[in-house]
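Let's walk through this model together, starting with charged pairs and ending with a pair of helices. Keep the 3D view open as you read.

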Amino acid sequence: MSFNKSFRQASVCVLVAAILFCGVSMQAIADPEIDVRVGNVEGELGETGVLLPIYISNYLDSIASVGLFLQMDRPNVASFMESFDTTGTLVGGWDWIGVDLYSGTGHDIKIMGAAGGLPGGSRGIGPQSGEIPFINLRLAMPDVPDLFEDSANILVSTFVSMFSIGTPDGRTLGVSYEEVWDSTCFRCESWVPPESTVCLSWQQVSAPPYDSCDVQMNSIPFIDTDKVRVVSGSVATTPPVLGNIDASLDGLVTMADLTMMIDHLFISLQPLRWPTSGNIDCSSDDQVTMGDLTVMIDHLFISLDELDCPLKQNEGAALQD
């Protein structure tokens, strides 16, 4: 009886130990070695230099070199600039950091950098949780809004040729290898008679019949998603400020806006850069007319009432409902 009790206790201990061990293993697999996260930002139409933070968390190893490729999934919301800001970032002291507009369109960019330092790998970014940006990229917002989209996702490529994070001692993090058999087969198109053992012309073929095959094992690298986690970001355009028809980045309605409206209506007749922000009388036709000029003068010099379109906003909400 005591033997059975002891045996049961031992079995329970083994079972508990196995569960704990499996739990630790599963947790280790669930937690990546590297996190790459793109921030979420907004910018006004025509604004340049909107800072987009890129965060990297390295939980186990120091990192001393980086190559990342980012791409927007919509082309007309914003574009990358060929400049960046390292103020207060993790790469502020790196020997070399640069960006390259990959396709030249401004909608994809490659970040490359190396910490440098003494032989043996004495520099780099030690393990940390990514609370400080790795680097801040700069974005430019278009002058004219996209009629169909006001936001774009910013994706991080995990193709092995586009993703590289290295340690000070030269190891590449997050990469695993798959062993794949590869065979190349040939068929002889012309034998030398009479023994027919010497071929004059070989033709590579993909299916039988064939006369010779070369089989070898290849190691194919890939970014291991158990070790690397990437989180996409976004960029969005903020709606134009009502009355800010000169598109000033301070968003204020001033004499400059009144002057531009008068020029648009009576002098040069040039179209407004931001027509939507000029419809300050909130007319349903969205046209800039004398009614808008009257409201602008009242706002600046008479009643000083704030510009607002509550009726139009309520109508929009009612239509949505």
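For what comes first, a salt bridge is a side-chain nitrogen of Lys or Arg within 4 Å of a carboxyl oxygen of Asp or Glu. Keep in mind as well that this is a predicted model.

With that rule in hand, look at arginine 74 and glutamate 149. The two form a salt bridge, and their closest N and O atoms are 3.3 Å apart. Arginine 74 sits in the loop between β4 and β5 (79-85), while glutamate 149 sits in the loop between β8 (135-140) and β9 (151-156), so the pair ties together parts that are 75 residues apart in sequence. How accessible are the two partners? Arginine 74 has a relative accessibility of 27% and counts as partly exposed. Glutamate 149 is partly exposed too, at 33%.

By the same rule, the count for the model comes to five salt bridges. Which residues are linked in a network of them? Asp61, Asp169 and Arg171 are. Arginine 171 meets aspartate 61 in a salt bridge, with 3.1 Å from N to O. Arginine 171 belongs to the loop between β10 (164-166) and β11 (175-192), and aspartate 61 to the loop between β3 (48-58) and β4 (65-72), so this pair ties together parts 110 residues apart in sequence. Arginine 171 also meets aspartate 169 in a salt bridge, at 3.3 Å from N to O. As for solvent, arginine 171 is partly exposed with a relative accessible area of 40%, and aspartate 61 is partly exposed at 22%. Aspartate 169, at 52% relative accessibility, counts as exposed. The general idea behind such pairs is that side chains of opposite charge can pair when their charged atoms come close.

Now step back for the overall fold. The protein has five helices and 15 strands. Of its 321 residues, 34% are buried. What share of the contacts with a separation of 6 or more comes from residues 24 or more positions apart? The figure is 72%.

You'll find alanine 78 in the loop between β4 and β5. Is alanine 78 buried or exposed? With a relative accessibility of 2%, alanine 78 counts as buried. Leaving out residues up to four places away in sequence, alanine 78 touches Met72, His107, Ala140, Met141, Pro142 and Val235. Pick methionine 141 from that list: it is 63 residues from alanine 78 in sequence, yet the C-alpha atoms of the two are 4.7 Å apart in space.

A few backbone details are worth a click on the way. Proline 208 and proline 209 are joined by a cis peptide bond, with omega at about 0 degrees. Proline 209 is in the loop between β12 (198-205) and β13 (212-223). Further along, two residues other than glycine have a positive phi. Leucine 269 has phi near 65 degrees and lies in the loop between α2 and α3 (275-278). At 54% relative accessibility, leucine 269 counts as exposed. Cysteine 282 has a positive phi of about 60 degrees, and its place is the loop between α3 and α4.

Helix α2 (residues 255-267) and helix α4 (residues 290-302) pack at an angle of about 160 degrees, and their axes are 11 Å apart. Angles over 145 degrees count as roughly antiparallel, and α2 and α4 are therefore roughly antiparallel to each other. The crossing of α2 past α4 is left-handed. On the α2 side the contact uses Met255, Asp257, Leu258, Met261, Ile262, Leu265 and Phe266, and on the α4 side Met290, Asp292, Leu293, Met296, Ile297, Leu300 and Phe301. Sorted by class, that makes twelve nonpolar, no polar and two charged residues.

Finish with one residue of that contact. Methionine 255, found in helix α2, is partly exposed at 46% relative accessibility. Its C-alpha atom is separated by 9.4 Å from that of isoleucine 297, which is 42 residues away along the chain.

Methods:
Residues are numbered from 1 along each chain as its sequence is written. This is a predicted model: local features need pLDDT of at least 70, side-chain atom pairs count only at pLDDT 80 or more; totals for chains, interfaces and linings use all residues. Side-chain values use heavy atoms; hydrogens and water are left out. Axes are lines fitted to C-alpha atoms, for helices over the stretch in contact, and angles run from 0 to 180 degrees between N-to-C directions. Helices (H or I, at least four residues) and strands (E, at least two) are DSSP runs, numbered from the N terminus. Angles under 35 degrees count as roughly parallel, over 145 as roughly antiparallel, 65 to 115 as roughly perpendicular and the rest as oblique. A crossing is left-handed if the near helix is turned anticlockwise from the far one by less than a right angle, and right-handed if clockwise. Contact means heavy atoms within 4.5 Å. Ala, Val, Leu, Ile, Met, Phe, Trp, Tyr, Cys and Pro count as nonpolar, Asp, Glu, Lys and Arg as charged, and the others, Gly among them, as polar. Buried means under 20% relative accessible area, exposed over 50%, partly exposed in between (1.4 Å probe, protein chains only).
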